[in-house]
Amino acid sequence: MGGRQVTTDVLARYGLPQRITVAGLGVSGLSAARALAGLGAAVTVVDNGDGDAHRARAAELAEQGIETRLGHLADGSRAGDVLPDGTELVVTSPGWKPESPLFLAAAKAGVDVVGDVEIAWRLRELGALRRAQAAGSDVPPAAPAAWLAVTGTNGKTTTTQMLASILRAAGLRTAAVGNIGTPIVDVVLGAEEYDVLAVELSSYQLHWAPSVRAHSAAVLNLAPDHLDWHGSMEAYAADKGRIYEGNTVACVYNVADAATERLVEEADVVEGCRAIGFTLGAPGPSMLGVVDGILVDRAFVADRQKNAQELAHVEDVDPPAPHNIANALAAAALARAFGVEARAVRDGLRAFRPDAHRIAHVAEVGGVTYIDDSKATNTHATAASLAAYEPVVWIAGGLAKGATFDELVQGAAKRLRGAVLIGADRALIRDALARHAPEVPVVDLDRTDTGAMLAAVREAARLAEPGDTVLLAPACASMDMFANYNERGDAFADAVRQLAAESA
């Protein structure tokens with residue numbers, strides 16, 4: 001491993017050993033490697049890739065005294081499969097599977113594996129100390145920023161960003177971090193002071209973060225996803241449920257998804273921590289919900305048996321689709337758990353604008369509305385998207401990732417004007433439509449080139465009637481045809497604009 005002189009006192013103070021292997025040369029891996037080396041650890045980075053980008057990153061790390069092992073080693077083994085001699089801790093990037101040879105070797109050697117989120121959690125007090133020292137303060141540093149954490153199968157990013165917007169509206173110094181934005185290790189150790197962090201955590205990140213203890217946390221929903229990584233739905237749910245462990249103020253759950261409430265019931269929390277539900281219906285005590293188009297709070301009010309606090313109107317949420325209202329309620333619950341006033345919830349929701357490709361309005365052409373929800377890469381997200389519109393001409397297909405579509409089609413059948421299918425696994429959706437919605441016209445485009453999107457939009461326009469919505473909600477991953485869901489959404493938007501130009 002790296003041959004630099006190791007400073008042991010700082011590392012030991014924050015629960016870190018001297019010799020650390022970082023798995024992966026991605027954004028989070030680079031962040032962790034640089035931070036740990038900066039503390040004096042001897043860091044070796046391993047990655048099975050060996051392309052130009054990998055070599056460029058390795059060269060940058062070498063300037064900081066960080067050893068990098070890429071591709072195949074001299075004995076023919078892959079760098080990312082072999083535990084470097086002397087390793088005392090492995091820090092993994094989120095996507096590496098638990099059964100990776102590197103981790104099996106670590107387990108055999110009695111070496112722990114954690115993720116960059118775990119490293120950030122351990123180092124948060126060091127970051128506070130450094131900022132106090134940089135300011136020339138003689139007083140003890142302020143407590144590290146509290147973490148308000150969000151996970152779920154769908155809606156994590158939107159909810160986390162909504163939460164950050166609400167916190168900013170309350171005048172708090174905050175950032176949306178974790179699975180989005182700046183690497184969380186860089187934020188924790190950075191120069192900027194925060195009062196509270198809005199932290200999005202994936203199931204991968206939670207799996208590798210055993211010590212994280214949030215102020216309050218939310219599980220938005222649970223549906224089968226990433227089962228090839230976790231091995232089973234039970235294991236996936238258990239990793240999601242880790243977000244509630246040690247919560248001090250509130251565990252926020254989805255009243256419509258009983259599995260999220262069960263995770264709260266099973267969690268080991270600080271005494272006095274409360275279970276807070278959110279619902280699209282009228283809320284009971286200790287819940288947030290919707291009454292006559294108004295988002296209301298019956299959890300963080302005096303005498304919640306009788307009273308409710310108005311937070312915002314449905315129209316303050318962009319877009320006001322049902323699943324997005326649920327996201328807003330979850331964000332509001334976490335903010336209220338942190339003591340944010342009702343006015344800031346409203347102002348933060350009004351200020352929030354969703355990222356591209358999340359139920360984004362593209363255009364209206366010939367009385368038909370075109371909506372881009374390319375981010376709907378699984379059946380759970382697509383069901384929520386389809387439920388927001390009626391009638392719908394549905395554009396779907398791509399890589400199914402082992403998903404089945406019968407339940408999705410059954411639930412949406414009455415809303416469908418037609419369907420246009422693209423991508424490698426479109427036959428799975430076509431067969432589900434034949435079984436459960438045989439009266440719905442289906443166009444099966446037997447092509448996977450990127451130009452198929454323009455053909456799909458034209459076919460959808462042919463099926464649609466004025467007042468309908470053409471909805472790109474693929475229920476599948478994009479990599480059979482596109483680099484990612486962003487590129488797929490851009491192709492859809494470009495095709496709609498071309499259709500508009502042709503119709504002008």
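Guide: Let us begin with a term: helices, as H or I runs of at least four residues, and strands, as E runs of at least two, are DSSP runs numbered from the N terminus. With that numbering, G467 is placed in the loop between α17 and β20. Please keep in mind that this is a predicted model.

Visitor: What makes G467 count as exposed or buried?

Guide: The word exposed is kept for a relative accessible area over 50%. G467 has a relative accessibility of 52%, and therefore it counts as exposed.

Visitor: Which residues does G467 touch, once residues up to four places away in sequence are not counted?

Guide: A contact requires heavy atoms within 4.5 Å, and on that basis G467 touches G367 and P391. A146, by comparison, lies 321 residues from G467 in sequence and 47 Å from G467 in space, C-alpha to C-alpha.

Visitor: How many helices and strands does the chain have, and why is it called as compact as a globular protein of its length?

Guide: The chain has 18 helices and 20 strands. Its radius of gyration is 24 Å, while the globule rule gives 23 Å for 504 residues; the two values are close, so the chain is as compact as a globular protein of that length. Along the principal axes, its C-alpha atoms fill a box of roughly 70 × 65 × 40 Å.

Visitor: How much of the chain counts as buried?

Guide: Buried means under 20% relative accessible area, and 55% of the 504 residues of the chain count as buried.

Visitor: How do you know what span helix α12 should have, and what makes it mostly covered?

Guide: Helix α12 runs through residues 322-337, and at 1.5 Å a residue its 16 residues should span 22 Å; the end C-alpha atoms are 23 Å apart, so the model agrees with the expectation. As for cover, 14 of the 16 residues of α12 are buried. The helix is followed by G339, whose phi is positive, near 95°.

Visitor: What is the reach of helix α18, and which elements do its buried residues pack against?

Guide: Helix α18, residues 485-503, has 19 residues and reaches 27 Å from its first C-alpha to its last, close to the 27 Å expected at 1.5 Å a residue. Among its buried residues are R488, F492, V496 and L499. The buried residues of α18 pack against several elements, including β15 (360-365), β16 (368-372) and α17 (452-463).

Conventions. Residues are numbered from 1 along each chain as its sequence is written. This is a predicted model: local features need pLDDT of at least 70, side-chain atom pairs count only at pLDDT 80 or more; totals for chains, interfaces and linings use all residues. Side-chain values use heavy atoms; hydrogens and water are left out. The radius of gyration is taken over C-alpha atoms; the globule rule is 2.2 Å times the number of residues to the power 0.38. Buried means under 20% relative accessible area, exposed over 50%, partly exposed in between (1.4 Å probe, protein chains only). The expected span of a helix is 1.5 Å times one less than its number of residues.
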